[in-house]
Every structure is written in structure tokens, then in C-alpha cells.
Amino acid sequence: MTVSAREGIAYIELIIYSPAIILAFYTNIRHGFVRQLGWFYLVIFCAIRIASAAMEIVSARNLQNMTNFIWAAILSVVGLSPLLLASLGLVKRVRDIVTVEPLGLSVPQLLHLPCLVALVLSIWGGVRFSSDSDSTRDDGTIMVKAGIFIFLAVFIGLFIVTVITLPKLSKLPQGEKPILLAVTAALPFLLVRILFSVLADFLMNGVFSVLYGNAYVYLGMVVLEEFAIVIMYLVAGIIAPPGSEMAGRISKSLHSRESSDPETLQNVPASQPVDESSETKAQ
């Protein structure tokens with residue numbers, strides 16, 4: 001039986017992400033299943049890619065049923081969300097060590113909401129795009145395009161935050177440096193991945209289409225990019241110290257910054273209770 005290029009790519013994804021999701025689970029067990037940490041979203045991403053590849057293979061065996069084919073395409077776009085959320089979570093981890101965020105909210109945290117909005121738009125738009133009604137399909141196309149634009153805006157925010165944080169690399173503990181370096185190295189791969197989605201939604205040609213595009217372009221701009229990002233983040237997670245140790249470092253870092261801040265030192269006497277023994281001596 002002849003295997004098409006897209007079906008072959010789907011088999012490659014199954015081979016790649018089946019062990020990757022095990023490593024992602026191990027990394028989460030090591031650091032703790034905390035939603036704000038990037039590795040939590042790697043588990044979700046690997047699960048999405050396994051499901052997408054399985055649907056691609058099933059649809060290739062049954063060309064009459066378009067449901068699995070359409071859902072494979074939807075999951076292909078949806079995969080952007082956990083990748084971006086993973087990147088934001090990792091950046092937040094290192095920023096918690098070297099910066100004090102105003103109002104207790106970090107930029108990576110603020111970027112989570114638009115990323116989730118883009119996820120919802122991509123899923124609902126993809127579902128409506130599969131409708132038999134022309135007006136419903138048009139609405140679905142608009143939703144998917146809006147989701148891609150939001151993903152692009154989130155990436156720009158991630159890029160800016162990472163570039164701002166990068167000069168503080170020397171202040172990070174040795175085990176935390178690979179995390180920031182991994183996110184920095186992943187940015188070009190993320191850009192290419194998002195560029196594919198932008199081109200697929202706005203060019204509407206036979207090269208970049210998620211459903212019917214060139215399989216080798218899809219392999220080069222989507223599959224390999226995503227795999228490279230996952231590998232870098234998993235390696236960083238294995239090298240980085242466990243979550244409990246990291247929490248202690250954050251607390252120590254915050255205490256060190258507060259004690260070395262001149263304004264904080266000036267304000268300490270006013271905020272501390274008066275020593276009764278010193279008052280007695282003064283009298």
C-alpha cells in the first residue's frame with residue numbers, strides 16, 4: 001500500500017512525540033505540575049500532535065470521511081497555543097528570579113489571556129469552516145485569521161520580553177541559564193512556524209495550505225520547527241533544578257534585592273516596631 005507524503009509525516013510525528021510526551025511527563029514530575037511553568041504545556045502540545053497525526057493517518061485511509069482530516073488541520077493550528085504558552089511560562093520562571101514585576105503581574109502572565117483567546121477562535125473558526133454553508137465558512141475563516149493575528153501579536157510580546165530579559169543572563173543561577181537560552185534559541189523556529197500559518201491563511205494557495213499544501217513545505221516549516229522547540233525545552237527542563245529548589249532561589253533572590261535596595265533600607269525603621277528596651281534607656 002502506497003503511503004502519501006503527508007501520511008508519512010504523520011507517522012514521523014507519532015514516532016517523535018510518543019517518547020517526547022513521556023519525557024514531558026517526567027519533566028513535569030520533576031518540577032511539579034504547575035500550569036504557569038512551560039513544561040505543563042509541552043505535555044498538552046505532545047498530546048495534540050499525537051492526536052493530529054493519528055487523525056491524519058485515519059483520514060488518509062478513508063478519503064470519503066473528511067471529519068478526521070478537518071480536525072487534523074484544526075489541531076495543526078491549535079498546536080501554536082501550547083507552544084507559545086510553554087515559552088511564556090519558561091520566560092516567567094527566569095524573570096521571577098531576576099526581576100520584580102510591578103503590581104505582582106508579569107508580562108508573560110498577561111500574554112496568557114490573548115493566547116487562550118486565539119486558541120478558542122482557532123478551534124471554533126475551524127469547526128465553522130467545515131460547514132456546508134458559505135456564510136458559516138466565511139465566518140470561520142475570519143475567526144481563524146483573527147486567531148493567527150493574535151498568535152503573532154503574542155509572539156511579538158514574547159520576543160520583546162525575552163530580549164529585555166536576556167541581558168540579565170549573568171545574574172541567573174547556573175542551572176537556570178539554559179532555560180532562557182532555550183527560549184531565545186526557539187524564537188526563530190517559532191517565527192517560521194507562525195509565518196507558515198499566516199501564509200496558509202492569507203495566500204490561499206497550494207503551497208502553504210494546512211489541508212492541501214505542499215507536504216515538504218509543511219515538514220520544513222511546521223514539523224521540524226516544532227520538534228526543535230520541544231527538544232530544546234525538554235533538555236532545559238532536565239538540566240534546570242527541580243521546582244522546589246527553584247522556589248528557594250527565587251525567595252533568596254527577592255530577599256537579596258530588598259536588602260540591597262537603598263529605598264527599602266531607608267523605609268525599614270519607619271515600618272519596624274519601636275524597641276521598648278531602647279526607649280527605656282533613653283528615658
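This briefing covers the pocket, the cavity, the salt bridges and the aromatic contacts of a predicted model. The largest pocket holds about 500 Å³ of space, and the largest cavity about 90 Å³. The structure has five salt bridges and five aromatic pairs.

In this predicted model, local features need pLDDT of at least 70 and side-chain atom pairs count only at pLDDT 80 or more, while totals for chains, interfaces and linings use all residues. Residues are numbered from 1 along each chain as its sequence is written, and side-chain values use heavy atoms, with hydrogens and water left out.

**Largest pocket**

- A pocket is an open set of points on a 1 Å grid over the protein atoms alone, with protein on both sides within 12 Å along at least five of seven lines; a cavity is a set of points where a 1.4 Å probe fits but cannot get out; lining residues have an atom within 4 Å of a point.
- Grid points are joined across faces, edges and corners, and the volume is the space filled by probe spheres set on the points.
- The volume of the largest pocket is about 500 Å³.
- The lining of this pocket consists of 22 residues, and those closest to the centre are Ala 73, Phe 129, Asp 201, Val 210 and Leu 211.
- At least two lining residues come from each of helix H3 (67-78), helix H6 (112-129), helix H7 (134-165) and helix H8 (177-203); helices (H or I, at least four residues) and strands (E, at least two) are DSSP runs, numbered from the N terminus.
- The lining of the largest pocket divides into twelve nonpolar, seven polar and three charged residues, where Ala, Val, Leu, Ile, Met, Phe, Trp, Tyr, Cys and Pro count as nonpolar, Asp, Glu, Lys and Arg as charged, and the others, Gly among them, as polar.

**Largest cavity**

- One cavity of 30 Å³ or more is found in a search of the whole structure.
- The largest cavity contains about 90 Å³ of space.
- Its lining has 13 residues, of which Arg 6, Ser 52, Glu 56, Ala 72 and Tyr 218 are the closest to the centre.
- Helix H1 (5-31), H2 and H3 are the elements that give two or more residues to this lining.
- Eight nonpolar, two polar and three charged residues make up the lining of the largest cavity.

**Salt bridges**

- Side chains of opposite charge can pair when their charged atoms come close.
- The structure holds five salt bridges, each a side-chain nitrogen of Lys or Arg within 4 Å of a carboxyl oxygen of Asp or Glu.
- Arg 49 and Glu 226 form a salt bridge with an N to O distance of 2.7 Å.
- This pair links distant parts of the chain, with Arg 49 in helix H2 (residues 38-61) and Glu 226 in helix H9, 177 residues apart.
- Glu 226 also forms a salt bridge with Arg 193, and the closest N and O atoms are 2.7 Å apart.
- Glu 226 is in helix H9 and Arg 193 in helix H8, so this pair ties together parts that are 33 residues apart in sequence.
- Arg 49 and Glu 226 are both buried (buried means under 20% relative accessible area, exposed over 50%, partly exposed in between, with a 1.4 Å probe and protein chains only).
- The relative accessible area is 1% for Glu 226 and 1% for Arg 193, which is also buried.
- Asp 96 and Lys 92 form a salt bridge at 2.7 Å, N to O.
- Asp 96 and Lys 92 are four residues apart in helix H4 (residues 80-98), so about one helical turn separates them.
- Asp 96 is partly exposed at 21% relative accessibility, whereas Lys 92 is buried at 11%.

**Aromatic contacts**

- There are five aromatic pairs; rings of Phe, Tyr and Trp (its six-membered ring) pair if their centres lie within 6.5 Å, and planes under 30 degrees apart count as stacked, over 60 as edge-to-face and the rest as tilted.
- Phe 40 and Tyr 41 are edge-to-face, because their ring centres are 5.4 Å apart and their planes at 85°.
- Phe 40 is partly exposed at 24% relative accessible area, and Tyr 41 is buried at 7%.
- Phe 196 and Tyr 218 make an edge-to-face pair, with 5.9 Å centre to centre and 70° between the planes.
- Phe 196 is in helix H8 and Tyr 218 in helix H9 (residues 215-239), so the pair ties together parts that are 22 residues apart in sequence.
- The charged end of Arg 6 sits over the ring of Tyr 218, 4.3 Å from the ring centre; the rule asks for NZ of Lys or CZ of Arg within 6 Å of the ring centre and within 35 degrees of the ring normal.
- Tyr 17, Phe 45 and Phe 227 form one aromatic cluster.
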